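Let's take a walk through a protein model together.

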Amino acid sequence: MTTLAVTLISVTGTLGGTLGGAVLSQRASRAEAAEQNRRVDREQELARAEQALQGKRDLYARLNTAARAYRIAGQDSIRASERGERLDPALLDATKEAWAEQYSQAQMALTKGVLEVASAVNRSLQVGYSVVKQLASTPDGAYEWAKAWFSGPLSDGVYLLRVTLRHDLGVEMEPHFEQTRTQMLAALDSARSNLERLLATERAPRRRT
């Protein structure tokens with residue numbers, strides 16, 4: 001009886017150890033699988049975030065390029081007109097359309113602060129386009145304020161857009177950026193309003209003396 005009892009205890013212990021080991025092995029396998037799944041999820045999340053960031057970089061680059069090209073085309077048109085040369089209007093119109101397309105796409109993705117700057121630049125570029133188109137029917141002095149607009153406020157606006165985009169991407173972090181942005185936006189809006197009033201005055205029929 002003693003021998004039988006010892007044998008049963010040994011067998012039970014062996015089976016228990018085997019079963020216990022199997023359970024622990026299964027738990028370890030499940031834990032390893034769960035950790036692997038979490039690791040895959042993190043990698044996929046990082047990949048999606050990087051893809052989204054790259055898409056944002058690409059959008060910002062196209063928006064910045066389109067704004068600069070539009071402004072430069074306007075400047076070239078003014079200089080050519082002042083020299084009496086005829087510049088193909090399709091060149092300016094092409095840059096205008098390219099900007100409009102990029103701005104339209106950006107409106108769906110930009111944060112509030114960035115959109116505020118982009119919208120101000122959009123309005124300023126539109127005024128610049130009106131300036132160029134109106135040169136032929138305005139006095140000679142119009143060339144001076146047209147050039148001043150493109151090289152001054154509008155140039156500052158396009159610069160502000162670039163800095164704002166870089167700030168939003170975390171590429172360029174200016175400690176007092178918000179204050180600077182607010183001041184430059186106010187200056188741009190004021191200059192644009194003055195130019196719009198000037199354009200409206202030029203469009204109005206002159207009184208006969």
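Find N64 and ask which residues it touches once you ignore its neighbours within four places in sequence. In this predicted model, the contacts are R162 and L165. N64 itself sits in helix 1, which covers residues 2-82. Is N64 buried or exposed? Its relative accessibility is 16%, and the cut-off for buried is under 20%, so N64 counts as buried.

Now zoom out for a moment. The protein has six helices and zero strands, so if you read the elements from the N terminus on, you get α-α-α-α-α-α. Of the 209 residues in the protein, 30% are buried. The accessible surface comes to about 13400 Å², and carbon and sulfur atoms account for 55% of that surface.

Look at helix 2 (residues 89-107) and helix 3 (residues 112-134): their axes come within 11 Å and cross at roughly 165°. Angles over 145 degrees count as roughly antiparallel, and that's why helix 2 is described as roughly antiparallel to helix 3. The crossing of this pair is left-handed. Which residues meet here? From helix 2 come P89, L92, D93, K96, W99, Y103 and Q107. On the helix 3 side you'll find L115, A118, S119, V121, N122, L125, Y129, V132 and K133. Sort the residues of this contact by class and you get ten nonpolar, three polar and three charged.

Helix 3 also packs against helix 4, which spans residues 142-151. Here the angle is about 155° and the axes are 10 Å apart, which means that helix 3 is roughly antiparallel to helix 4 too. This crossing is left-handed as well. Helix 3 brings S124, G128, V131 and V132 to the contact, while helix 4 brings W145, A146, W149 and F150. By class, that gives six nonpolar residues, two polar ones and no charged ones.

How values were computed
Residues numbered from 1 in each chain as written. Predicted model: local features only at pLDDT ≥ 70, side-chain atom pairs only at ≥ 80, totals over all residues. Heavy atoms only, no water. Helix = DSSP H or I, 4+ residues; strand = E, 2+ residues; numbered from the N terminus. Buried < 20%, exposed > 50% of the residue type's maximum accessible area, 1.4 Å probe, protein only. Contact = heavy atoms within 4.5 Å. Axes fitted to C-alpha atoms, helices over the stretch in contact; angles between N-to-C directions. Parallel < 35°, antiparallel > 145°, perpendicular 65-115°, else oblique. Left-handed = near helix turned anticlockwise from the far one by under 90°. Nonpolar A, V, L, I, M, F, W, Y, C, P; charged D, E, K, R; others polar. Areas by Shrake-Rupley, 256 points an atom, 1.4 Å probe, with all protein chains shown as cover.
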